[in-house]
Amino acid sequence: MQISSDILDFCVLSCLCKEDLYGYILTQKVQEKIKISESTLYPVLRRLQKKEFLETYDSSFQGRNRRYYKITEMGKEELIKFIDEWKTLKNEIDLFIEEAGLND
């Protein structure tokens, strides 16, 4: 099943809700739950930054630069909005599953 850009946005924002993460770790956290390639995630990060849902900062670690991603207040609002929409959609889809007798 192909994953929509909205769902990828949600996955990234939810991973960043509790802590700032640098690109590699963020990719690993998303990949633990859904199958995506690393190259798929970076366009998502750029899109979220452009929408001002994320901001970045650099930090040095063992002589190397790491780019960290941080959710913004707008990003948190978007995450809450997505969760509300998802719950509504899930309830509607569940009705179809129940009506079809496929809820076993």
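Which residues does Cys-11 touch, not counting residues up to four places away in sequence? Val-30 and Ile-34. Touching, or contact, means heavy atoms within 4.5 Å. I'll come back to that cysteine.

First, the ground rules. This is a predicted model, so local features need pLDDT of at least 70 and side-chain atom pairs count only at pLDDT 80 or more, while totals for chains, interfaces and linings use all residues. Residues are numbered from 1 along each chain as its sequence is written, and side-chain values use heavy atoms, with hydrogens and water left out.

Now the record. An unreviewed UniProt entry carries the annotation "domain: Transcription regulator PadR N-terminal" over residues 12-79. UniProt positions are given in the numbering used here, feature names are shortened, and annotations may be inferred rather than shown by experiment. Across residues 12-79 the chain is 53% helix and 26% strand. The end C-alpha atoms of that stretch sit 10 Å apart.

Start with helix 1. Its twelve residues should span 16 Å at 1.5 Å a residue, and its end C-alpha atoms are 17 Å apart, which agrees. The expected span is 1.5 Å times one less than the number of residues.

Which residues of helix 1 are buried? Leu-8, Asp-9, Cys-11, Val-12, Leu-13, Cys-15 and Leu-16. Buried means under 20% relative accessible area, exposed means over 50%, and partly exposed is in between, with a 1.4 Å probe and protein chains only. What covers them? The cover includes strand 1 (21-22), helix 2, helix 3 (38-50), strand 2 (54-61), strand 3 (64-71) and helix 4 (73-99).

Back to Cys-11. It lies in helix 1. Take Tyr-24 for distance: 13 residues along the chain from Cys-11, with 15 Å between the two C-alpha atoms.

Next, the helix 1 and helix 2 pair. Helix 1 is residues 5-16 and helix 2 is residues 23-33. They pack at an angle of about 115 degrees, axes 10 Å apart. Axes are lines fitted to C-alpha atoms, for helices over the stretch in contact, and angles run from 0 to 180 degrees between N-to-C directions. The crossing is right-handed. A crossing is right-handed if the near helix is turned clockwise from the far one by less than a right angle, and left-handed if anticlockwise.

Who meets whom? From helix 1 come Cys-11, Val-12, Cys-15 and Leu-16. From helix 2 come Leu-26, Lys-29 and Val-30. By class, this contact has six nonpolar, no polar and one charged residues. Nonpolar covers Ala, Val, Leu, Ile, Met, Phe, Trp, Tyr, Cys and Pro; charged covers Asp, Glu, Lys and Arg; the others, Gly among them, are polar. A reminder on helix geometry. An α-helix has 3.6 residues a turn, so residues three or four places apart point the same way.

Stay in helix 2 for Thr-27. Buried or exposed? Thr-27 is buried, because its relative accessible area is 0%. Leaving aside neighbours within four places in sequence, Thr-27 is in contact with Glu-38, Leu-41 and Tyr-42.

On to helix 4. It has 27 residues and reaches 40 Å from first C-alpha to last, close to the 39 Å expected. Gly-75, Leu-79 and Phe-82 are buried in this helix. The buried residues of helix 4 pack against helix 1 and strand 3.

Not counting residues up to four places away in sequence, Ile-97 touches Leu-102 and Asn-103. The C-alpha atoms of Ile-97 and Gln-28 are separated by 32 Å.

Last, backbone angles. Where is Glu-52? In the loop between helix 3 and strand 2. Glu-52 has a positive phi of about 65 degrees although it is not a glycine. Gln-62, in the loop between strand 2 and strand 3, has a positive phi of about 50 degrees, and it is not a glycine either. Gln-62 is exposed, at 72% relative accessible area. Just after helix 4, Gly-101 takes a positive phi of about 70 degrees.

Definitions and conventions: Helices (H or I, at least four residues) and strands (E, at least two) are DSSP runs, numbered from the N terminus.
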